[in-house]
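User: I am new to this structure and would like to learn how to read it. Could we go through it feature by feature?

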Amino acid sequence: FFLMIRRPPRSTQSRSSAASDVYKRQHLFGGLLTLTQINNFSIAISFGIVPLIRLYPLAKRYTNYPQLVLGIVFNWGVLVGYSAMTGGLQSITPFSIYTCGIL
C-alpha cells in the first residue's frame with residue numbers, strides 16, 4: 001500500500017537499494033534481540049506504537065502536521081525506556097516528559 005504512495009523517481013529505479021533484504025533482516029534481528037532484554041510490559045508498550053508508525057507516511061502526505069505524528073512516535077521511547085528501567089508507568093514523570101517532548 002505504502003509503495004503505491006511513494007514511488008521512486010525514474011532515474012533511481014534501476015539502482016540497487018541500500019536497504020536490501022540482508023540489511024532489513026539484520027535490523028529486524030537486532031530489534032528483536034533488544035526486545036528480549038527488557039520486561040514484558042515494556043515489550044507490550046513498544047508494540048503499541050506500531051499503528052502510528054504505519055500512519056506516518058499518510059500523515060506526511062495528507063496533513064499539514066506530520067511533525068506532530070513524528071514527535072508522538074519518536075517520544076514513545078520515553079515510555080518504553082522508563083517502563084524498562086522501573087518496571088511500570090505508575091508515576092506521572094514519564095507522561096510529563098513524553099508530553100514535553102511532543103510539544
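Predicted model: local features only at pLDDT ≥ 70, side-chain atom pairs only at ≥ 80, totals over all residues.

User: How many helices and strands does the protein have?

Analyst: The count is seven helices and zero strands. Read from the N terminus, the order of elements is α-α-α-α-α-α-α.

User: What share of the residues is buried?

Analyst: Of the 103 residues in the protein, 20% are buried. The accessible surface is about 8100 Å², and carbon and sulfur atoms contribute 64% of that surface.

User: What part of the contacts joins residues 24 or more positions apart?

Analyst: Taking the contacts with a separation of 6 or more, 54% are between residues 24 or more positions apart.

User: How is the packing of two helices described?

Analyst: Two numbers are used for a packed pair: the angle between the axes and the distance between them. Take helix 3, residues 40-47, and helix 6, residues 76-86: their angle is about 170 degrees and their axes lie 8 Å apart. Angles over 145 degrees count as roughly antiparallel, and helix 3 and helix 6 are therefore roughly antiparallel to each other.

User: Which residues meet between helix 3 and helix 6?

Analyst: From helix 3 come Phe41, Ser42, Ile45 and Ser46, and from helix 6 come Trp76, Leu79, Val80, Ser83 and Ala84. Sorted by class, this contact has six nonpolar residues, three polar ones and no charged ones.

User: At what angle do helix 6 and helix 7 pack?

Analyst: Helix 7 covers residues 93-102, and its angle with helix 6 is about 160 degrees, with the axes 8 Å apart. Helix 6 and helix 7 are therefore roughly antiparallel to each other. Their crossing is right-handed. On the helix 6 side the contact involves Trp76, Val78, Leu79 and Tyr82; on the helix 7 side it involves Thr93, Pro94, Phe95, Ile97 and Tyr98. By class, eight of the contact residues are nonpolar, one is polar and none is charged.

User: Let us end with a single residue. Is Ser46 buried or exposed?

Analyst: A residue is called buried when its relative accessible area is under 20%. Ser46 has a relative accessibility of 19%, so Ser46 counts as buried.

User: Where is Ser46 found, and which residues does Ser46 touch?

Analyst: Ser46 belongs to helix 3. Leaving aside residues up to four places away in sequence, Ser46 touches Leu35, Trp76 and Val80.

Conventions. Residues numbered from 1 in each chain as written. Heavy atoms only, no water. Axes fitted to C-alpha atoms, helices over the stretch in contact; angles between N-to-C directions. Helix = DSSP H or I, 4+ residues; strand = E, 2+ residues; numbered from the N terminus. Parallel < 35°, antiparallel > 145°, perpendicular 65-115°, else oblique. Contact = heavy atoms within 4.5 Å. Nonpolar A, V, L, I, M, F, W, Y, C, P; charged D, E, K, R; others polar. Left-handed = near helix turned anticlockwise from the far one by under 90°. Buried < 20%, exposed > 50% of the residue type's maximum accessible area, 1.4 Å probe, protein only. Areas by Shrake-Rupley, 256 points an atom, 1.4 Å probe, with all protein chains shown as cover.
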